[in-house]
Amino acid sequence: QYATPAGTPHIDYLNAIRNGGDRVDEKHAYEAVWQQFLFNENQLRARVAFALSEIMVVSNIAPDQDTWALASWMDMLYRNAFGNYRTLLEDVTLHPAMGYYLNMLGNDKDDPAAGFKPNENYAREVMQLFSIGLVQLDPDGTPQRSAQGQTIPTYTQADIEEFARVYTGWSFAGGN
């Protein structure tokens, strides 16, 4: 399964529909996924990519995510299904679908004089969902507790604010 090619890219499925003269819409992005699930030889890759899509989430409706971006997102997850987490996280961070979904695309830098702070959505998701989680854990997965019996956070609001500063000024290459 590891050596089996990823199969037809989801983007190629959409291109075939468009080249056939039909209008591509959201349902076709889902069809591309189902085509992989039903007919691709590499079922392990398809299942791992699907599992990753449940963790590294982008949405088709909030905000109105583009059909081509969704297909490209799934292609990226297929490419990273058997890779390392560092590369996956980088590709997730740089993908336009994530930038659009979690408001990182075009995020402006800190401007205290104007009372502006960078959007923290992506920084918070990386810390909370994509990496270390909300509370410190023991090796067996049980939450670590303070002397007062409270769980110990893995990060603070200040950590999020500083991390959000990293994710500013990013946009698409070119002016169009």
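In which helix is the place of W34? W34 sits in helix α2, residues 26-39, where helices (H or I, at least four residues) are DSSP runs numbered from the N terminus. The model is predicted, so local features need pLDDT of at least 70 and side-chain atom pairs count only at pLDDT 80 or more, while totals for chains, interfaces and linings use all residues. Residues are numbered from 1 along each chain as its sequence is written, and side-chain values use heavy atoms, with hydrogens and water left out.

**View 1. The largest pocket.** The largest pocket holds about 330 Å³ of space, and of the 17 residues that line it, Y30, S53, V58, L70 and M74 are the closest to its centre. A pocket is an open set of points on a 1 Å grid over the protein atoms alone, where a 1.4 Å probe fits, with protein on both sides within 12 Å along at least five of seven lines, and lining residues have an atom within 4 Å of a point; the volume is the space filled by probe spheres set on the points. Helices α2, α3 (43-55) and α4 (67-80) each supply at least two lining residues.

**View 2. A71 in helix α4.** A71 counts as buried because its relative accessibility is 1%, where buried means under 20%, exposed over 50% and partly exposed in between. A71 and L14 are 57 residues apart in sequence, yet 7.9 Å apart in space, C-alpha to C-alpha.

**View 3. The salt bridge between R86 and E90.** The side chains of R86 and E90 meet at 2.7 Å, N to O, in a salt bridge (a side-chain nitrogen of Lys or Arg within 4 Å of a carboxyl oxygen of Asp or Glu). Because they are four residues apart in helix α5 (residues 85-94), R86 and E90 are separated by about one helical turn. R86 is exposed at 59% relative accessibility, whereas E90 is partly exposed at 37%.

Technical notes. Buried means under 20% relative accessible area, exposed over 50%, partly exposed in between (1.4 Å probe, protein chains only).
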